[in-house]
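Please read them with the model open beside you.

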Amino acid sequence: MMARPEGLRERKKARTRASIAEAAMTLFAERGFDQVTVAEIAHAVEVSVATVFNYFPTKEDLFFDRPDEVVSRLANAVRARQPAEPFVDACRRDLLTLIDQRDWRVGLAAGMGRFYRMVADSPSLQARSRLMVDRSVTRLTSAIAEDLNTTEDDIVASSAAWILVAIQTNLLNQVQRDSLAGRAPEVIAERLTAATNRAFDLLQGPIATLGGGTGPHR
């Protein structure tokens, strides 16, 4: 059976997108993010600048090419948590699972040292990182508010989201520091596991049980 035309088009688009992203990261690694232009990336892949922007709306998107997997992760963990599991426990479990898997989303994949060095050297990438933190808070607030049957401007939902994202951000900052200091990957992972448990152990009182037995898990 012949492949459907739309299937061929989608595969071609996926290959083009991957080629652009790979070329961009190669150039960024060689010369630094701020020293590379979109025109140079387009030239390397033999496409137009307009084509690059069709796939990646901004230059920063060429670097952070899977942002939704980052900014939605804690919100997804809350929505997919076990029955009657508090939000705090779900987020801790999610982070520890990714550490065990040496996942790139917690900075433990190969090549993350080079990634963090490029971010450290680029004010525009640092600004995008902060924006992604804000977006993570927004999405987690929405997930918590939905589960608690309240609004996104509810102080409980927004405060819980800010606290959980702040813990995650501090943990990833530790990974970045360790990577830039040249620590071995297994040492970084071991330190991250210990820091994750210590950080979440600080959360006591109502926030530690918030979400237990609520929402769709009642």
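**Notes on the predicted model**

1. The secondary structure of the protein chain comes to 12 helices and zero strands, and from the N terminus on the elements accordingly run α-α-α-α-α-α-α-α-α-α-α-α. Please keep in mind throughout that this is a predicted model. Taken along the principal axes, the C-alpha atoms of the protein chain fill a box of roughly 55 × 50 × 35 Å.

2. Of the 218 residues of the protein chain, 41% count as buried. Among the contacts in the protein chain with a separation of 6 or more, 68% are accounted for by residues 24 or more positions apart.

3. Which residues have the most contacts inside the largest nonpolar core? That core has 57 residues, and the ones with the most contacts inside it are F28, F63 and L164. The largest share of this core, eight residues, comes from helix α10, which covers residues 155-180. For F63, once its neighbours within four places in sequence are left aside, the contacts are M25, F28, F33, F115, M118, V119 and L125.

4. Several of these partners bring us to the pairing of α8 with α9. Helix α8 (residues 112-120) and helix α9 (residues 123-148) pack at an angle of about 105°, and their axes lie 6 Å apart. That angle makes α8 roughly perpendicular to α9, because values from 65 to 115 degrees are counted in that class. On the α8 side the contact involves M118, V119 and A120, which meet L125, Q126 and S129 of α9. Sorted by type, the residues of this contact divide into four nonpolar, two polar and no charged.

5. Helix α9 deserves a point of its own. It has 26 residues and reaches 38 Å from its first C-alpha to its last, close to the 38 Å expected at 1.5 Å a residue. The buried residues of α9 are L125, R128, M132, S136, V137, L140, T141, A143, I144, A145 and D147, a list that holds the charged residues R128 and D147. What covers these buried residues includes α4 (59-63), α5 (67-71), α6 (73-79), α7 (87-100), α8 and α10.

6. The C-alpha atoms of D134 and R31, which are 103 residues apart along the chain, are separated by 29 Å.

7. A84, in the loop between α6 and α7, has a positive phi of about 65° although it is not a glycine, and at 40% relative accessibility A84 counts as partly exposed. N149 lies in the loop between α9 and α10, just after α9, and takes a positive phi of about 60°. N149 is likewise a residue other than glycine, and at 73% relative accessibility N149 counts as exposed.

Conventions:
Residues are numbered from 1 along each chain as its sequence is written. This is a predicted model: local features need pLDDT of at least 70, side-chain atom pairs count only at pLDDT 80 or more; totals for chains, interfaces and linings use all residues. Side-chain values use heavy atoms; hydrogens and water are left out. Axes are lines fitted to C-alpha atoms, for helices over the stretch in contact, and angles run from 0 to 180 degrees between N-to-C directions. Helices (H or I, at least four residues) and strands (E, at least two) are DSSP runs, numbered from the N terminus. Angles under 35 degrees count as roughly parallel, over 145 as roughly antiparallel, 65 to 115 as roughly perpendicular and the rest as oblique. Contact means heavy atoms within 4.5 Å. A nonpolar core is a set of buried Ala, Val, Leu, Ile, Met, Phe, Trp, Tyr and Cys residues joined through side-chain atoms within 4.5 Å. Buried means under 20% relative accessible area, exposed over 50%, partly exposed in between (1.4 Å probe, protein chains only). The expected span of a helix is 1.5 Å times one less than its number of residues.
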